[in-house]
Amino acid sequence: MNAEKRYEIFSRLRDDNPNPTTELNYSSPFELLIAVLLSAQATDVGVNKATDKLYPVANTPQAIYDLGVDGLKEYIKTIGLFNSKAENTIKTCRILLDKHNGEVPQNRKDLEALPGVGRKTANVVLNTAFGQPTIAVDTHIFRVSNRTGIAKGKNVDEVEQKLLRHVPKEFKLDIHHWLILHGRYTCVARKPRCGSCIIEDLCEFKEKTEI
Ligand code: SF4
């Protein structure tokens with residue numbers, strides 16, 4: 001795909017949704033970090049249901065640490081992989097308290113050193129909580145990037161590197177959310193809704209649908 005086409009795609013996504021953001025509920029970097037940590041292999045809606053009950057009771061590293069693993073599980077037991085997520089969350093809170101004065105670090109190295117936090121989670125936190133132009137590639141972004149031809153790659157790392165190279169600076173901060181939302185609601189996994197897609201004429205996918 002050439003640069004002009006990419007530019008037009010990003011412009012249309014921006015016009016359609018000038019201020020995109022995550023669908024996870026949060027009101028601080030710490031709340032976002034924990035929500036993203038809980039969201040692996042779970043839906044944002046499911047995570048929000050749990051954190052809507054958890055955060056009014058405990059929304060700081062100390063308060064969640066004080067709940068303990070079993071106490072935390074009571075709030076997140078409806079979310080997949082909740083056992084390991086509870087353990088990782090408590091360990092993460094301990095490290096934030098011991099090494100970061102209870103604050104969420106604003107750099108990749110320290111974020112990725114937290115239990116349960118990988119590159120994708122770090123990218124989301126750096127981007128959404130701290131306004132850094134990182135691009136977290138999840139299953140939606142991977143699919144949309146490959147189908148459209150914006151950034152083809154065999155794995156998420158390859159797609160991330162291509163996006164970082166090809167997305168113009170003015171779109172970098174928000175591209176993560178535009179592509180996720182596009183993949184979640186239009187370019188869905190089973191049967192993309194090409195007939196109602198705002199970038200249909202620019203997309204290079206060969207098996208477009210009419211719906
Ligand atoms: S035209 Fe179809 S395949 Fe291409 S981005 Fe839109 S929904 Fe996805």
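Helices are DSSP runs of at least four residues, numbered from the N terminus. In this predicted model, that numbering places Asn101 in the loop between helix 5 and helix 6, the latter spanning residues 108–112.

**Residues in loops**

Asn101 has a positive phi of about 55° although it is not a glycine. At 72% relative accessibility, Asn101 counts as exposed, because exposed means over 50%.

Leu81 belongs to another loop, the one between helix 4 (61–76) and helix 5 (82–99). Its phi is near 60°, again a positive value in a residue other than glycine. With a relative accessibility of 46%, Leu81 counts as partly exposed.

Leu24 is found in the loop between helix 1 (3–16) and helix 2 (29–38). At 7% relative accessibility, Leu24 counts as buried, since the limit for that class is under 20%. Beyond its neighbours within four places in sequence, Leu24 is in contact with Ala35, Val36, Ser39, Asp44, Val47 and Asn48. Leu24 and Val144 are separated by 120 residues in sequence and by 21 Å in space, C-alpha to C-alpha.

| Residue | Relative accessibility | Class |
|---|---|---|
| Asn101 | 72% | exposed |
| Leu81 | 46% | partly exposed |
| Leu24 | 7% | buried |
| Thr51 | 1% | buried |
| Thr148 | 1% | buried |

Thr51 lies in helix 3, which covers residues 44–54. Leaving aside neighbours within four places in sequence, Thr51 is in contact with Asn25, Leu38 and Pro56.

**Helix 8**

Helix 8 runs through residues 139–148, and seven of its 10 residues are buried, so this helix is largely enclosed by the rest of the structure. The buried residues are His140, Ile141, Arg143, Val144, Ser145, Arg147 and Thr148. They pack against helix 9 (156–166) and helix 10 (169–185).

The two ends of helix 8 can also be described. At its start, a side-chain oxygen of Asp138 reaches to within 3.1 Å of the backbone nitrogen of His140. Just after helix 8, Gly149 takes a positive phi of about 95°.

Thr148 is part of helix 8, and at 1% relative accessibility it counts as buried. The side chain of Thr148 reaches the backbone oxygen of Ser145 at 3.4 Å. A polar atom of the Thr148 side chain also lies 3.1 Å from the backbone nitrogen of Ile150. Apart from neighbours within four places in sequence, Thr148 is in contact with Met1, Ile199, Cys203, Glu204 and Phe205.

Thr148 is also one of the residues that surround the ligand. By class, the shell has seven nonpolar, two polar and two charged residues. Cys, Pro, Ile and Phe count as nonpolar, whereas Arg and Glu count as charged. The ligand itself sits in the largest cavity.

Notes: Residues numbered from 1 in each chain as written. Predicted model: local features only at pLDDT ≥ 70, side-chain atom pairs only at ≥ 80, totals over all residues. Heavy atoms only, no water. Buried < 20%, exposed > 50% of the residue type's maximum accessible area, 1.4 Å probe, protein only. Contact = heavy atoms within 4.5 Å. Polar contact = N/O pair within 3.5 Å; in protein donor to acceptor, adjacent residues only side chain to side chain. Near = heavy atom within 4 Å. 1 Å grid on protein atoms, 1.4 Å probe; cavity = no way out; pocket = protein on both sides within 12 Å on 5 of 7 lines; lining within 4 Å. Sits in = over half its atoms within 2 Å of the grid points.
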